[in-house]
Amino acid sequence: MTHRAYKFRIYPTLCQEEILRKTVGSCRFVYNWALAQRREAWVTQKKSVSYNATSKGLTELKDSPEKAWLNEVSSVCLQQSLRNLDSAFNNFFKKKSGYPAFKSRKNGGSARFMDNAFRLDSENLFLAKIKTPLRVVWSRKLPSAPTSCTISQNACGQWFASFLCEEEIVKLPESSVKVGIDVGIESFATLSDGRKFSQPKKIRRLRKKLARLQRLHSRKQKGSKNRERARKKVARIHQHISDVRKDFLHKLSTQLVRENQAIALEDLAVRNMVKNRKLSRCISEQGWREFRTMLEYKCEWYGRKLLIVDRFYPSSKTCSCCGAKASFGLETRQWTCGGCGASHLRDVNAAKNILAAGQAVSACGVDGRPTKNYVLRGRTQRSTKPEARASGIPAL
Ligand SMILES: [Zn+2]
């Protein structure tokens, strides 16, 4: 069973919105309050505060007259905020993420209702402390009864409900097709079979508009109504860009996962380190990390394999036919190998090399994590692992 979230747009009435705003605001307040407590305890006494201690503190806080307004919203959501903070700290201690940050009003916010605090009655969503049902735009059917419902508001004021459901995802039938992907600037992804996928042209247009609106925003006087209005416009464009990009990435990642049994991808964190800053900014803007995350979970869902080639490997300058190295600048798109005379399109050749590297790594049973020497030595080095030789996959 896999947990999967289903997100829908909701349209609260003015009255409902006021309660939602209060709920989200109280959750943010409780989160920031508990974070401050834990931080201070650590700084002043080198003591770590547990979830239970913050939970006890919250009960006392709600009893104090000046914080009585916390009782106006569902207590389930406030408890959940403390749990969220606790897992943020756990992730920090496990070195999975940075130190928890204070939540800001500007980024919108969210409140999580567990199954004892919301109810679905055919098409109607009832939340604790709100008497009337919320209007939800049901764009698809939920596969099972949800275990939680997270209400969120984005930076431009739209409201959403995200339901967490448990479901059995049917694995795709096995296939023998494999692909290598090279990510770049000119086209977002180039496949080892020669296909290219570019980002929607709309994004470039929206970016220009965004730059203009950001300039306007920065000229407005701080704290003025005009500035607030300009900020909202900027937030709306940001949202629009993010929606268009996500849609593109979802479609591409789903297509790739459907078509291929194994997908080889280069770890871009490594590439960012070796290339210039302007270039890496371009790449990060293209949502490369988002793309990888989508491929990761979709491969997991559908029984596919994602092979990450995570050491620097001169994929674009090595001939995918004979392994000879060439040298040329960033602007060269097409080249002919001096060793075997094969003519290559730069990106397609790189994608082919990434696929070969991924396959070799997977054949060695390292599961997408090549050892440093292995990839660095390039194609000419024969693998010493018997599995790689036996499977007939060319060694790097
Ligand atoms: Zn060659």
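Ser122 is exposed, with a relative accessible area of 65%, where exposed denotes over 50% relative accessible area, buried under 20% and partly exposed in between (1.4 Å probe, protein chains only). This residue is found in the loop between strand E3 (118-121) and E4; helices (H or I, at least four residues) and strands (E, at least two) are DSSP runs, numbered from the N terminus. The structure is a predicted model, in which local features need pLDDT of at least 70 and side-chain atom pairs count only at pLDDT 80 or more, whereas totals for chains, interfaces and linings use all residues. Residues are numbered from 1 along each chain as its sequence is written, and side-chain values use heavy atoms, with hydrogens and water left out.

Ser122 has a positive phi of about 45° although it is not a glycine. Lys46, likewise not a glycine, has a positive phi of about 55°. Most residues other than glycine have a negative phi. Lys46 is placed in the loop between H1 and H2 and, at 58% relative accessibility, counts as exposed.

With residues up to four places away in sequence not counted, Leu125 is in contact with Phe118, Arg119, Leu120, Thr132, Pro133, Leu134, Val136, Cys149, Ala161 and Phe163, contact being defined as heavy atoms within 4.5 Å.

H1 and H3 pack at an angle of about 45°, and their axes are 9 Å apart; axes are lines fitted to C-alpha atoms, for helices over the stretch in contact, and angles run from 0 to 180 degrees between N-to-C directions. The two helices H1 and H3 are therefore oblique to each other, the class that remains once angles under 35 degrees are taken as roughly parallel, over 145 as roughly antiparallel and 65 to 115 as roughly perpendicular. Their crossing is right-handed, meaning that the near helix is turned clockwise from the far one by less than a right angle. On the H1 side, the contact with H3 includes Thr23, Val30, Tyr31 and Arg38, which meet H3 residues including Cys77, Leu82, Asp86 and Phe89.

The axes of H2 and H3 come within 10 Å and cross at roughly 145°, and this crossing is right-handed. Tyr51, Thr54, Ser55, Leu58 and Lys62 of H2 make the contact with Ser75, Leu78, Gln79, Leu82, Arg83 and Asp86 of H3.

Glu17 lies in helix H1 and is buried, with a relative accessible area of 16%. Beyond four places in sequence, Glu17 touches Pro12, Gln153 and Trp159. Ser192 is located in the loop between strand E9 (189-191) and strand E10 (196-197) and counts as buried at 11% relative accessibility. Residues up to four places away in sequence not being counted, Ser192 touches Val179, Gly180, Val348, Ala351, Lys352 and Leu355.
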